[in-house]
Amino acid sequence: MKKIECFQPRGLVKLLCVFLCGGMIIDCACMTTAKNSITEGIVFAVLFGFPILLTIFGIFMYKISVKDKFIVIRKWYGIKKKFELENITKVVMASRTGKAIDANRIHVYVGKRKILSLDPILENYKEMKRYIINNIDEEKIEIIS
């Protein structure tokens with residue numbers, strides 16, 4: 001079976017990082033003009049900017065792959081979660097037309113816990129949506145209009 005991969009567009013992550021770095025530079029400049037030393041501005045920017053940068057990477061840098069009946073979610077920092085399609089209890093699809101193929105957001109649950117959320121901005125979203133519709137039992141799919 002062909003491996004399907006779904007991931008965030010790299011341009012979005014780069015754009016967020018540019019905004020964060022620009023904000024850190026502006027923050028450092030504001031701190032130095034407020035009669036503080038430049039080292040205080042740099043320390044302040046790093047202490048607040050670095051956790052925000054890690055949060056951005058944690059939220060936006062992940063890859064979802066499907067191979068052989070397994071869904072694998074891999075974060076940028078190495079955490080990998082693997083789920084079998086048989087263990088999926090519910091798939092919620094938000095659709096304006098009431099049809100699964102027109103879904104614009106997909107949430108996948110194992111037990112009562114949501115393990116996966118798919119948005120149309122993800123690259124290869126349509127392939128992943130088709131795979132889920134074709135390989136999950138129809139009684140597990142819930143369509144919300």
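Modeller: A salt bridge is a side-chain nitrogen of Lys or Arg within 4 Å of a carboxyl oxygen of Asp or Glu. The model here is predicted, so local features need pLDDT of at least 70 and side-chain atom pairs pLDDT 80 or more, while totals for chains, interfaces and linings use all residues. Residues are numbered from 1 along each chain as its sequence is written, and side-chain values use heavy atoms, with hydrogens and water left out.

Colleague: What makes the contact between aspartate 119 and arginine 105 a salt bridge?

Modeller: Their side chains come to 3.0 Å, N to O, which is within the 4 Å limit, and therefore the pair qualifies. Aspartate 119 lies in the loop between strand 7 and helix 3, whereas arginine 105 belongs to strand 6, 14 residues apart; helices (H or I, at least four residues) and strands (E, at least two) are DSSP runs numbered from the N terminus.

Colleague: Why is arginine 105 called partly exposed?

Modeller: Its relative accessible area is 38%, and this term covers values between buried, under 20%, and exposed, over 50% (1.4 Å probe, protein chains only).

Colleague: How many salt bridges does the structure hold, and how do you know that lysine 63 and glutamate 5 form one?

Modeller: There are 2 salt bridges, and in the pair of lysine 63 with glutamate 5 the side chains meet at 3.6 Å, N to O. This pair links strand 2, which holds lysine 63, to strand 1, which holds glutamate 5, across 58 residues. Lysine 63 is partly exposed because its relative accessibility is 27%, and glutamate 5 is partly exposed because its value is 25%.

Colleague: How do you know that strand 5 pairs with strand 6, and which way does strand 5 run against strand 8?

Modeller: Strands pair if DSSP finds at least two bridges between them; strands 5 and 6 share 5 bridges in the antiparallel sense, with alanine 94 opposite arginine 105 of strand 6. Strand 5 and strand 8 (residues 141–144) run parallel and are joined by 4 bridges, and valine 91 stands opposite isoleucine 141 in strand 8.

Colleague: Which residues touch the most other members of the largest nonpolar core?

Modeller: They are Val91, Ile106, Leu118 and Ile132, in a core of 26 residues. A nonpolar core is a set of buried Ala, Val, Leu, Ile, Met, Phe, Trp, Tyr and Cys residues joined through side-chain atoms within 4.5 Å. Helix 3 gives the largest share, 4 residues. Not counting residues up to four places away in sequence, isoleucine 106 touches residues including Val91, Met93, Leu118, Tyr125 and Ile132, where contact means heavy atoms within 4.5 Å.
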